[in-house]
Structures are given as C-alpha cells and as structure tokens.
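The following note comments on selected charge pairs, an annotated site and a surface feature. Please read it alongside the sequence and the model.

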Amino acid sequence: MAQRVATSDGAAKKTSRVRVAVRLRPYMGGEDEKDEGPCVRGLDSQNLEIVNWRNATETVKYHFDVFHDEKTTQQEVFLSSVKPILPHILTGQNASVFAYGPTGAGKTHTMMGSSDQPGVIPRAVREVFKLVKVKADEEGWDYSIGMSYLEIYNEKVLDLLSPSSQDLPIRENKDKNIFIPGLTHTTISCFSDFDKQFVPASLNRTTASTKLNQRSSRSHAILLIKVVRTQRAAPHRKQTGKLYLIDLAGSEDNRRTGNQGIRLKESGAINLSLFTLNKVVDSLNSSAAVRVPYRDSKLTRLLQDSLGGSSHSVMITNIAPEYKYYFDTFGALNFASKSKLVVNKPFTCETVAVPAMPVKRARDDHTAGGSGTEPHKKKQKDERKTEQDCSSPSSSFDSLSEPSVMDRLIALEKLMMNCQDKDKLSMLKDVAQSRKEIQELKEKQKEFENKAMLFRRLDGEKSSAKHEPSFKDNTAPLQRKQSAATKANKQQAVVQPLQVSQLQPLQQLAVVKKTSVCVKKKVKTISDQVEPPDGKENLVETGWEFKLDTSVLEQSRQKILHVLNTGSLKELKGLQQIGDKKAKLILGWREIHGHFLKLEDVLTIEGMTAKRFSTFMKANILSAMGK
C-alpha cells in the first residue's frame with residue numbers, strides 16, 4: 001500500500017522553495033561592436049546587477065540564493081548548489097536540478113562538463129553511489145539504482161537509450177506521478193556502468209550549429225536516476241526516490257542565430273515550450289486560483305513535479321556578459337527571480353506491506369478483570385449463544401471450546417484470591433458453574449467429533465462406490481418443447497426459431513400462408529433479429545473462419561500477434577480497426593503486463609469489446625491474406 005509521508009527536514013517542515021543559482025559565463029572574445037564591455041556584474045555571493053536598458057546610468061539589482069561569477073569552478077557549483085539536495089532521494093523523496101538560460105550561455109557545459117572538468121550530471125551520479133555505499137553499510141536496507149535518459153525534440157519524447165524508438169506518450173498514474181510507458185530503464189551498480197550507458201546516449205542527442213553556438217542543443221534532455229531502497233526486516237518498507245537532471249535548450253532570437261528551414265522549426269518548438277514554462281511559473285505565483293498549464297507542453301508536463309510538485313528543486317540560470325546577449329540575459333534574470341518564489345511540497349514515496357487484520361477479541365477479555373461476577377442476563381445470553389453455535393451444523397468444531405469461558409474462569413480465580421472472605425462464597429459458586437459449563441462443552445465437542453468422523457467415513461464410502469449423491473434433484477431438466485408438426489415432418493423445421501423466440505409478433509408472422517421460398521426468406525430475416533444466446537455478439541460473422549485454410553488462418557493470426565507484441569506505435573496504427581488511442585493503450589498494456597500470449601488477450605484493452613474484436617480479427621486476417 002503506497003502512502004505519502006511528510007518530509008522531516010526540520011520542525012514540521014512540509015514545503016520547500018525552489019532554490020535559484022545564477023552562473024555568469026566568462027567574457028568571450030574582445031570588446032563587442034559597441035565597445036562597451038560586459039552588461040552584468042556580480043556584487044557578492046548572492047547579489048548581481050545589470051545595466052538598465054531604459055537608462056544606461058542606472059542598474060537593476062537582483063538577489064538569489066547563490067551567485068557564481070565567471071571564476072567559479074565546476075566543483076564549487078556542485079558543492080554549493082547541487083550536493084545539499086542529493087540525500088533526499090535516499091529517503092524516498094524527489095530532487096530536480098535543471099539549467100536554464102539563453103543559447104550560448106553555458107548550460108550544457110554546466111550540466112555535462114568535459115573530461116577535465118565534469119559537470120553537474122557526472123558529479124551528482126558519483127555522489128549518489130557514494131551516499132548509497134555509506135548508507136548500505138550503516139543501515140538495514142537494500143538499495144537498487146536505475147537510469148533513464150530522454151530528449152524532447154520538436155514536441156516529441158524520444159528515448160536516448162533506445163534511438164530506434166518512436167514518440168513516447170506521457171501518462172499520469174492514480175498517485176498523480178508522471179511516467180512514460182515504453183521508456184528504457186537500465187539498472188546500474190557503479191559509476192562505470194552509468195558512464196557506459198550515458199556517453200553513447202548523449203551522442204544521440206540532437207545538436208546543430210548556429211551563428212551563436214557551434215554545438216547548439218536542439219532539444220531538452222532529461223536524465224532520471226531512480227533509487228529504490230527496501231527494508232530487510234519486517235514490515236519490509238520500500239521507498240522510491242528520483243533525481244531529475246535536466247539540460248534545457250536555450251531560447252533563441254532567430255534574427256541573430258540566422259535559423260532557416262528545419263533550424264527555424266526547432267527554435268520555434270524550443271521557444272514555445274520555454275514560453276509555456278514561463279506561464280506555469282506565473283500561474284504558480286498567482287494569488288488567484290488559476291489553471292496551471294502543465295499540459296500545454298511536453299516539457300512542462302515532465303517538469304510538473306519539479307515546479308509546484310513534490311521535488312526539492314534547484315534551478316541554475318546561466319547568463320552571458322556580452323551586450324549582444326543583453327535582452328536574453330535580462331529575461332533570464334527576470335524568470336529566475338520569479339522561479340525562486342515557487343513553493344514545492346516534498347513527501348516520502350513509501351510502500352509498506354499491508355498488515356494482517358487483528359482478530360476481534362471478545363468483550364469479556366476487557367471486562368472480566370474489572371468486574372466481580374457477571375450479570376445474570378449476560379450469562380444467559382452467552383449460554384444461549386453457545387447452544388446455538390453447538391446446534392449449528394455449519395459451525396466449526398474448534399469454536400466449541402469457548403475460550404471466553406476459560407478466560408472468565410481464570411479472571412474469577414484471580415479475583416477470588418484478592419477479594420474478602422464475605423465474597424468468596426459467591427465466587428466459589430460462579431467458579432463451580434463455570435467448571436460445569438466447561439465439562440458440558442467438552443462432552444458436546446466429543447459428540448460432534450464422533451459425528452464428524454462418521455460423516456467422513458460415509459463420504460469415503462460414497463466416493464469409492466460411486467453412489468448417487470445424497471441430495472437427489474427429481475425435477476426434470478428444462479427443455480424446449482417441440483411442436484407435433486416438427487416431430488412429424490422434419491422438412492418443416494425451418495419455422496422452429498419462431499416457436500423458440502416466444503415473441504408475440506413473430507408468432508403472428510409465422511401463421512401467414514406463403515410459398516415455401518417466401519417462408520424460408522422470412523424465417524431467415526426473423527432469425528437474424530433474435531438476440532444471440534449467452535450475450536455473445538456477432539455470432540453470424542464467425543462463420544467466415546471455417547471457409548479459410550487452417551494453416552493460412554493460423555499464420556495470419558501469428559502475424560497479428562507478432563505486430564501486437566513487437567510493433568511500434570506506427571506499426572500498431574497500421575493494423576485495421578486500431579487508431580492512435582488504441583495503439584497507445586496497447587503500448588501501455590505491453591509495458592505493464594508484457595507480451596500478449598494470445599490474440600484474445602486484446603479483449604483486456606479498454607474499449608475492446610467482443611464485437612469489435614471479431615471485426616478486428618476479420619479485417620486484419622483478410623487484409624493479411626490479400627497482401
């Protein structure tokens with residue numbers, strides 16, 4: 001049973017504000033064409049200022065959680081901004097780190113880095129393995145680490161670990177958690193395993209050259225690290241923590257990048273998703289109850305947990321100091337200042353084993369120790385209940401021992417030891433009565449045990465000799481009456497369905513005198529209107545299968561089953577009677593349950609009735625034979 005457990009960071013802390021760090025890229029090249037130098041500079045470790053574009057003699061100041069100037073190293077960025085949130089994922093909570101900023105501001109360098117200067121992603125994964133190793137030695141938990149890697153390119157979700165995959169759907173389960181059916185999830189045991197998977201997958205990411213960047217990211221990349229820890233001892237709690245490491249594509253001004261053709265389409269999709277991200281932040285910060293447009297973009301749909309969700313989130317805003325990036329930098333700083341006002345609500349995602357339901361104890365257990373003798377009415381009620389249980393043939397023999405009587409006797413004996421002499425006489429009477437009841441119950445129990453043995457012996461004899469059952473049903477089975485005309489002349493059996501249907505209008509039609517040909521046609525029309533027995537649909541259409549060769553029919557069925565088990569979204573939509581919705585449902589079913597063992601398993605798909613299945617089979621088998 002999955003449950004939410006509030007985070008315990010501090011005293012009753014149930015919210016976590018999005019932490020915002022700003023990193024300034026070093027000034028690249030000589031002075032720009034205006035010969036004005038950088039447009040932004042840092043004041044201290046948390047404050048910076050940028051020139052006011054309305055009045056060059058003034059500046060606009062910003063305050064953030066952390067400010068990294070152009071001399072800050074990769075290690076310092078990781079230690080101050082990312083490392084503090086990583087322990088949360090080992091306690092079943094989620095954490096998110098994403099880089100934001102204009103193109104050419106250094107987002108990919110911050111997240112990926114190089115072999116000499118690793119970025120946030122390799123350092124964070126290495127730190128997770130380090131934390132798991134320390135925790136595994138100290139605590140009684142077993143840990144499992146897995147990874148998934150995807151990109152959002154032109155509003156399509158693509159699996160970077162499986163480049164041949166098509167556009168993947170985004171789903172939400174009953175616990176409001178976002179997941180992607182069909183996304184590859186690989187278990188990793190050490191950092192070298194991660195490196196072997198991550199480096200080739202990163203090369204699959206879509207990049208291109210523009211006027212502002214020789215290797216510009218044309219997609220948003222999201223790396224998911226999932227840590228599952230299971231308690232070794234009872235109640236075997238399971239906690240699942242997720243770490244999202246996100247490298248966003250940069251917003252672009254096509255007038256400066258010179259994008260044309262496919263580059264222009266890519267930048268349009270990137271800018272649209274970042275604009276939707278801006279609207280999400282505005283909606284979360286709005287005091288009015290407005291709709292948060294998470295579903296307007298694939299990016300915001302996947303970041304639903306990071307902004308306004310249940311994650312401990314850190315946003316690293318990358319900016320450039322050159323004047324030609326002024327408006328991009330100004331917009332990024334404004335977005336960062338709004339994002340630090342967003343509040344998340346982290347919780348622990350924990351699953352515990354469902355405990356066994358406790359047996360309801362008799363009320364006598366709670367009252368025997370605190371009262372002297374039982375009321376006379378209550379004793380009569382218990383005796384009456386005991387007699388009913390003993391007389392009932394369906395009650396079990398173990399219930400005859402009446403443990404409440406034994407407990408009552410022990411309680412009375414304890415009270416007798418503590419009471420005064422004047423009450424001992426009444427106590428002894430109650431004890432004698434209780435002993436008498438126990439003796440009677442034992443005799444009844446022995447009697448029922450003897451009867452049970454006799455019944456077992458009789459059952460064994462009946463099963464060996466194969467006698468008739470003890471209860472014989474002399475009622476004649478239900479049969480359909482046949483008319484005398486039908487028994488006399490078999491050639492008139494064509495009107496038999498009219499008698500079976502028992503519908504008054506049909507019986508009147510059967511009386512009409514017509515030629516034999518017309519009667520046969522009329523009967524066929526009426527029989528088509530009769531509802532099939534047992535609720536079966538499309539009973540008439542099943543006859544086409546018997547007209548086909550068995551080997552050809554079986555080969556066609558195997559081809560359809562193969563497409564259902566291994567086909568992509570496009571191949572599934574190529575089947576007859578399968579649209580986009582049904583194809584995605586089949587992919588989701590396949591992700592949860594595995595391959596279809598037989599074609600009839602398709603009936604478990606939502607909306608696939610028996611009639612639709614019959615039409616689906618006929619259309620696809622005939623189509624396969626036509627090819």
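1. K584 and D580 form a salt bridge, with 3.3 Å between the closest N and O atoms; the term denotes a side-chain nitrogen of Lys or Arg within 4 Å of a carboxyl oxygen of Asp or Glu. Both residues belong to helix α19, four residues apart, about one turn of the helix (helices are DSSP runs of H or I, at least four residues, and strands are runs of E, at least two, numbered from the N terminus). K584 is partly exposed because its relative accessible area is 27% (buried is under 20%, exposed over 50%, partly exposed in between; 1.4 Å probe, protein chains only).

2. This is a predicted model, in which local features need pLDDT of at least 70 and side-chain atom pairs count only at pLDDT 80 or more, while totals for chains, interfaces and linings use all residues. Residues are numbered from 1 along each chain as its sequence is written, and side-chain values use heavy atoms, leaving out hydrogens and water.

3. The salt bridge count comes to 17. In one of them, E322 pairs with R25 at 2.8 Å between the closest N and O atoms. E322 lies in the loop between β18 and α8 and R25 in the loop between β3 and β4, so the pair ties together parts 297 residues apart in sequence. Both E322 and R25 are buried.

4. UniProt, in an unreviewed entry, lists a "binding site" that includes G101 and T103; such annotations may be inferred rather than shown by experiment, and positions follow the numbering used here, with feature names shortened. G101 is found in the loop between β8 and α2 and counts as buried because its relative accessibility is 6%.
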